[in-house]
Amino acid sequence: MHCPVCHEQMKIKRKDVSYNRARPTTYDRTLYHCANCDSWIKTEVPLKEILIQPDLQQPAS
Ligand SMILES: [Zn+2]
């Protein structure tokens, strides 16, 4: 991850998992910090492969 402000390489400060009950989807959450300009970026990527969602299964087409 590169900083969108100063384009320096950002450092991962924290990695954890978040859960969105409205979806419902589990996200792999990562917090990045730029030491150069002190910007923070949080990414939340859905873990579709890991979470089993029997209610959301689509019928085979
Ligand atoms: Zn920066």
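Predicted model: local features only at pLDDT ≥ 70, side-chain atom pairs only at ≥ 80, totals over all residues.
Reader: OK. Which residue is the bridge partner of D28 in β3?
Author: V45 in β3 is the bridge partner of D28. For R29, the partner in β3 is E44.

Reader: And what stands opposite T30 in β3?
Author: T43 does. T30 also stands opposite K15.

Reader: How many bridges hold β2 and β3 as a pair?
Author: Seven, with β2 and β3 antiparallel; β3 covers residues 40-46.

Reader: What about β1 and β2, how many bridges there?
Author: Nine bridges join β1, residues 11-20, to β2, residues 25-33. Those two strands also run antiparallel.

Reader: Switching to the turns. How many residues does the hairpin from β1 to β2 go through?
Author: Four residues link β1 to β2 in that hairpin.

Reader: And how many lie between β2 and β3?
Author: Six residues lie between β2 and β3, which form a hairpin as well. In that turn, D38 has a positive phi of about 65°.

Reader: In what order do the three strands sit in the sheet?
Author: The order is β1-β2-β3, in an open sheet with antiparallel pairing.

Reader: Which ones are the edge strands?
Author: β1 and β3, since each pairs on one side only.

Reader: What does the twist average from one strand to the next?
Author: The average twist is 20° from one strand to the next.

Terms used:
Residues numbered from 1 in each chain as written. Pairing = 2+ DSSP bridges. Axes fitted to C-alpha atoms, helices over the stretch in contact; angles between N-to-C directions.
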